[in-house]
Amino acid sequence: MRLNVAAAPEIVPAIKSVADQWTKAGAAVDGTCIAVDVTDELPATIASAVTRDHSVALIGLNPAPDAKQVPDVWVPDSSTWLLRIQTEAAGFLPRTATSVAQSPLVLAMPEPIAKTFGWPKKSIGWGDLLTNFSTAEPLQVGIMDPTQDASGLTSLLALSQASGAVGGDPIEALKAKSRALTALDTNKAVLREELVAKFPKSEADIGSSNTVSAAPLSEEDVVAYNAERPAIPLSAIYMEPSPAPLDYPYTIMPQVVDEQKKNAAEDLLEQLQSVVAKNALAAAGLRAPDGSYGANFPAPMGAPKASPAVTPAATKSAEGTAASAALTGADLSAVVGGWIATTKPGQALTVFDTSGSMAETVPTAGGKTRAQVTQAAASVGLSLFSNKWSVGVWRFSTDENGTKPWRQLVGITSLTTGREKLQNSIAQLDPKQNGGTGLYDTVLDAYNHVKKNYSSQKINSVILFTDGANENADGLTKEQVVAALKKAQDPKRPIRLVLIGIGDKVSVDELKMLRDALPNSNSGVFLAPDPTKITSIFAQAIGSRTGVI
């Protein structure tokens with residue numbers, strides 16, 4: 001019997017070493033010998049293959065070629081991959097996901113630069129790194145593309161949490177984060193080799209414009225870099241608060257239905273939890289899941305003897321169980337959404353419900369109305385977008401412009417020149433007394449408006465906020481709007497429809513119907529039962545393709 005294992009490149013030598021010893025010792029299940037094929041695959045490649053097989057996709061990943069097969073066992077570098085996949089493909093149910101190694105996330109920095117910051121005696125936190133981007137002469141900081149790399153994604157999550165502490169002001173927090181993301185975008189990389197190649201090679205290189213002075217990477221990356229004995233070695237700065245490490249979940253994939261093969265996969269997992277495996281991991285620059293390390297581990301200066309033990313972040317299994325973890329797929333989608341809004345060019349028509357029901361108060365918002373809460377969220381959301389975006393604003397109810405249920409406040413305008421005008425338009429999103437909800441006609445007209453103004457160089461979206469159900473008796477019927485949307489869709493000009501339901505009275509069925517009228521468009525439905533959560537839902541919507549339902 002042959003067991004196929006695909007793993008992140010850095011852990012492959014350890015898995016091969018353990019598997020080879022096991023098979024040479026006569027590995028077998030019910031009398032059948034086991035052969036183990038271990039291949040190194042970038043986690044993004046297998047993630048793309050998995051989502052392809054589920055007819056979904058992760059934002060930022062290139063489609064996997066049809067020839068790329070999903071393995072029996074997958075060992076990515078982080079369970080964030082499993083969370084991201086399950087956010088888009090609820091049917092992805094691994095049989096098990098158990099951490100077999102870990103590598104803490106550190107700030108890699110050339111030793112001469114680290115010493116100017118007082119390392120190793122002085123600690124450096126994520127807040128310090130965030131503040132760096134606001135200084136007159138900030139360090140050049142690199143990062144792995146967070147849509148394609150777990151260390152980059154986890155780093156952004158830590159920076160996002162640090163930005164939330166900036167005076168408690170959401171606008172100031174977004175500005176701080178936006179500065180950081182904009183700076184990081186100039187030095188992002190898709191492959192680890194690309195990023196580490198940007199570290200200075202000599203004293204003369206330090207501080208030059210074509211080098212980086214720091215980058216959040218894994219402890220293993222620093223170990224591997226220093227193993228080459230560079231002229232300028234890297235220090236590993238263990239940041240506070242300590243972010244989630246790379247946790248290498250051993251994932252038995254759902255397609256493994258043969259009991260013998262499943263038992264073989266579980267037996268290999270047992271081998272990878274042995275003392276022999278711990279030493280093999282140490283040789284590869286990795287720690288055991290409990291944070292300790294085996295013999296001859298080349299610990300960087302200042303490395304803790306043990307880091308916190310890890311459990312893979314919450315992932316549903318085929319048996320329906322889940323490991324508890326604070327991290328969620330929604331958290332990751334929101335981080336990805338912030339990155340995309342700040343670094344990728346796009347255009348969006350934002351459409352706001354101004355029907356009479358938007359005047360109802362929100363218990364969790366100190367008596368503010370739904371409209372007031374939505375306006376505040378819109379103001380924060382607009383700050384999320386960089387000047388690479390163009391944005392338009394519509395309001396809709398019934399009879400807003402003659403018999404039309406919607407009215408344009410600002411046409412699709414570049415934020416480079418129109419940010420103030422767009423920001424000022426938010427004050428005009430007050431509810432219309434006794435106004436109904438002209439949902440169907442508005443969705444169709446908004447979609448066609450973006451189609452008419454389509455930009456092939458940008459992400460094109462309609463982002464609509466509503467708290468109710470269609471109430472426009474003189475407008476389109478369900479059958480008519482579905483037929484019209486299907487007819488309007490053009491595969492050569494993809495437009496994403498993002499529908500955000502506010503409060504507890506929104507018609508989820510109608511939103512799903514509108515989404516489903518646009519198959520293969522990555523349109524999605526997102527719900528904010530508590531309207532005060534709209535801002536985080538908004539960021540999540542940008543970073544997730546398929547919605548929450």
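First, the ground rules. This is a predicted model, in which local features need pLDDT of at least 70 and side-chain atom pairs count only at pLDDT 80 or more, while totals for chains, interfaces and linings use all residues. Residues are numbered from 1 along each chain as its sequence is written, and side-chain values use heavy atoms, with hydrogens and water left out.

Let me start with the sheet of 5 strands. It is open, the pairing is mixed, and the order is β4-β1-β5-β12-β6. Helices (H or I, at least four residues) and strands (E, at least two) are DSSP runs, numbered from the N terminus. Two strands count as paired if DSSP finds at least two bridges between them. At the edges sit β4, residues 35-40, and β6, residues 96-99, each of which pairs on one side only. Neighbouring strands here are turned by 20° against each other on average, direction ignored. For the angles, axes are lines fitted to C-alpha atoms, for helices over the stretch in contact, and the values run from 0 to 180 degrees between N-to-C directions.

Now strand β1, residues 2-7. Strand β1 runs parallel to β4, with 6 bridges joining them. Strand β1 also runs parallel to β5, with 3 bridges. What are the bridge partners of Ala6? In β4 the partner is Thr39, and in β5 Ala6 stands opposite Trp74.

Helix α10, residues 259-271, touches β1, β4, β5, β6 and β12, and its direction makes about 50° with that of β1. Helix α3, residues 80-88, touches β5 (73-75), β6 and β12 (249-252), and its direction makes about 120° with that of β5.

On to the other sheet. It is open as well, with 6 strands in the order β15-β14-β13-β16-β17-β18 and mixed pairing. The edge strands are β15 (404-414) and β18 (524-528), and each pairs on one side only. Neighbouring strands of this sheet are turned by 20° against each other on average, direction ignored. Strands β13 (residues 346-353) and β14 (residues 389-401) pair in the parallel sense over 8 bridges. Leu349 has Gly392 as its bridge partner in β14.

Next, the backbone details. A cis peptide bond joins Trp119 and Pro120, with omega about 10°. Pro120 lies in the loop between α4 (111-116) and α5 (126-132). The bond from Glu240 to Pro241 is also cis, with omega near -5°, and Pro241 lies in the loop between β11 (234-237) and β12.

Two residues have a positive phi although they are not glycines: Asp30 at about 50° and Ser55 at about 60°. Asp30 is in the loop between β2 (28-29) and β3 (32-33), and Ser55 is in the loop between α2 and β5. Are they buried or exposed? Buried means under 20% relative accessible area, exposed over 50%, and partly exposed in between, with a 1.4 Å probe and protein chains only. Asp30 is exposed, because its relative accessible area is 66%. Ser55 is exposed too, at 68%.

There is also a nonpolar surface patch made of Leu42, Val190 and Leu191, with about 220 Å² of accessible area together. Patches use residues with over 30% relative accessible area and no salt bridge; like charges are joined within 9 Å, and nonpolar side chains (Val, Leu, Ile, Met, Phe, Trp, Tyr) within 5 Å. Areas come from the Shrake-Rupley method with a 1.4 Å probe, and for residues only the protein chains shown count as cover. Leu42 lies in the loop between β4 and α2 (43-53) and is partly exposed, because its relative accessibility is 42%.

Last, salt bridges. The definition is a side-chain nitrogen of Lys or Arg within 4 Å of a carboxyl oxygen of Asp or Glu. How many does a search of the whole structure find? It finds 18.

Asp77 forms one with Arg192, the closest N and O atoms being 3.3 Å apart. This pair links distant parts of the chain, 115 residues apart: Asp77 is in the loop between β5 and α3, and Arg192 is in helix α8, residues 192-196. Asp77 is buried at 3% relative accessibility, and Arg192 is buried at 15%.

Glu400 forms a salt bridge with Arg395, with the closest N and O atoms 3.0 Å apart. Glu400 counts as buried at 12%, and Arg395 counts as buried at 5%.

Arg515 and Asp516 meet at 2.8 Å, N to O. Arg515 is buried at 13%, whereas Asp516 is partly exposed at 46%. Finally, salt bridges that share partners join Asp77, Asp149, Arg192 and Asp221 into one network.

How values were computed
Contact = heavy atoms within 4.5 Å.
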